[in-house]
Amino acid sequence: MNQPLMISLDSLAQPIDFAALEAAAKSGGCASSSCGSSAKPDDMDADVWERIKDHPCYSEEAHHYFARMHVAVAPACNIQCHYCNRKYDCANESRPGVVSEKLTPDQARRKVIAVANEVPQLSVLGIAGPGDACYDWNKTRATFDEISKDIPDIKLCISTNGLALPDHVDELAAMNVDHVTITINMVDPEIGAKIYPWIFYQHRRWHGVEAARILHERQMLGLEMLTARGILTKINSVMIPGVNDEHLIEVNRWVKARGAFLHNVMPLISDPAHGTHYGLTGQRGPTAMELKALQDRLEGGAKLMRHCRQCRADAVGLLGEDRGQEFTLDQLPEAVAYDPAKRAAYREVVARERGDHVAAKQSAVAAVKDSAQEGGTLLVAVATKGGGRVNEHFGHAREFQVYEASAKGIVFVGHRKVDNYCMGGFGEDATLDGVIAALEGIAVVLCAKIGDCPQDMLTAAGITATDRYALDYIETAIGALYAATFGRAIEQAVA
Ligand code: CLF
Ligand code: SF4
């Protein structure tokens, strides 16, 4: 069994122990078996790997180690989506489009530098609403221009509805923006008319099917232009049951044919309290199992992203955590100067840890494939705070990462958000009921620690929970678990 490197756990806990990070970065060389470059998948070009390996959204594996931050600098939008209400703001809410404060490009620069000095995992700066980064273009460009002067190695990323995208593709390429997300919910304007009541294009408002047709054509043109320039493009689609759920299979085909790098199908978030059209008219979102069923049907098409956390538009931190409230404008110093030392030290440590992780993962996956039996599928929920390890207490988890072990190996298939059950040392039954409901379909929960009471309640609900694999790499733990459940002595193979 791999011995956990304590530095990796320390480095992923908050606050960062910078002295320990630096010491670890300086200790020892980088053996070929443990170098981060060994994490490159065999079927990926070296150039593409170089561009995604530290991007937490474009690489599922990177999301264990690297953080993104969003700055809300471009509030104007040129379309209306039935799932959006840009007026709504709640700091406890976590969903796209929601933001606590809007920033000028100069305020954004101060904030990004402050975060880069404090959060060494930071690798990506995104502009992701509320509003549209391409429509409110001058602010997007000014922000990226400023920040890339101070932090040249930060990756720049935008998310757009696509309507104004074709007007800016050449500038995006010139600005070294390598990652663009287009939200594409339909390729059939009849369906689009049920999602978008209007768009604003060429100085006037368009409605209904005609509006959706224009949006569709602009989205396809933008995607083709990005592909032609070698910019990596991710497609986000909101799954809206009864409106576009079946249709997303067609969307997946279209975007694959036009060179999309990833397809991210996200569940509609719909609540009357949000004041959106869908929320107020009772349109429901999909259940976790409905989302998974659709994603499973899409396998084999455009490559799927399954680890999206539907971040707030001012999110800061690893995916699944949000430290935005630590960096509000009133907490920022007036003058900031970027210090690259922490980020550099962190990257060195991660490069080593990551090579070990990939080797452990490959071994566990091969062993599961080797011994998988017909129908031997195990859905496992893992409490983790990063680093690819089982390292979070059950009661502290705000989400569980879900993996499926089967004849296909060990595959990350999604996450389940929960309210953390343990508040100041004691748990609340009502919250635990919510956690159990969120774990629908899960066979086993792996965590770093769990008390007898929640363990018993989970057992009564048909879910096994164990801290037996605390601090193991996630795949190593699941491999051993799979062996105990279905396999033939896998434990030796992954030891
Ligand atoms: Fe932000 Fe989006 Fe860039 Fe990531 S988020 S602009 S690609 S840096 Fe990532 Fe967040 Fe999902 Fe977006 S988890 S909502 S996919
Ligand atoms: Fe809201 Fe984004 Fe849709 Fe504009 S494109 S209406 S900001 S979700």
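Before counting anything, I noted that a residue is called buried when its relative accessible area is under 20%, exposed when it is over 50%, and partly exposed in between. I also reminded myself that this is a predicted model.

**Entry: the whole protein**

I looked up the burial total: 56% of the 495 residues count as buried. The surface came next, and the protein exposes about 19,900 Å², with carbon and sulfur atoms supplying 51% of that area. I then listed the secondary structure and found 16 helices and 18 strands. Among contacts with a separation of 6 or more, 74% join residues 24 or more positions apart.

**Entry: a pair of helices**

Two packed helices are described by the angle between their axes and the distance between the axes. I looked up both for α4 (residues 105-118) and α5 (residues 137-150): the angle is about 35° and the axes are 9 Å apart. Their crossing is right-handed. Which residues make the contact? On the α4 side I wrote down P105, A108, R109, V112 and I113, and on the α5 side K139, A142, T143, E146, I147 and D150. Sorted by class, this contact has six nonpolar, one polar and four charged residues.

**Entry: H82**

I found H82 in the loop between β2 (79-80) and α4. Is H82 buried or exposed? It counts as buried because its relative accessibility is 12%, and the cut-off is under 20%. Leaving out residues up to four places away in sequence, H82 touches K194, I195, Y196, P197, T276, H277 and Y278.

**Entry: around ligand 2**

I wrote down the residues around ligand 2: C77, I79, Q80, C81, Y83, C84, R86, G131 and N161. By class, this shell has five nonpolar, three polar and one charged residues.

**Entry: two positive phi values**

With a relative accessibility of 11%, Q310 counts as buried. L471 has a phi near 75°, and L471 lies in the loop between β18 (464-466) and α15 (474-485). At a relative accessible area of 28%, L471 is partly exposed.

Technical notes
Residues are numbered from 1 along each chain as its sequence is written. Chains are lettered from A and ligands numbered from 1 in the order in which they are written. This is a predicted model: local features need pLDDT of at least 70, side-chain atom pairs count only at pLDDT 80 or more; totals for chains, interfaces and linings use all residues. Side-chain values use heavy atoms; hydrogens and water are left out. Axes are lines fitted to C-alpha atoms, for helices over the stretch in contact, and angles run from 0 to 180 degrees between N-to-C directions. Helices (H or I, at least four residues) and strands (E, at least two) are DSSP runs, numbered from the N terminus. A crossing is left-handed if the near helix is turned anticlockwise from the far one by less than a right angle, and right-handed if clockwise. Contact means heavy atoms within 4.5 Å. Ala, Val, Leu, Ile, Met, Phe, Trp, Tyr, Cys and Pro count as nonpolar, Asp, Glu, Lys and Arg as charged, and the others, Gly among them, as polar. Buried means under 20% relative accessible area, exposed over 50%, partly exposed in between (1.4 Å probe, protein chains only). A residue is near a molecule or strand if one of its heavy atoms lies within 4 Å of it. Accessible areas come from the Shrake-Rupley method with a 1.4 Å probe; for residues, only the protein chains shown count as cover.
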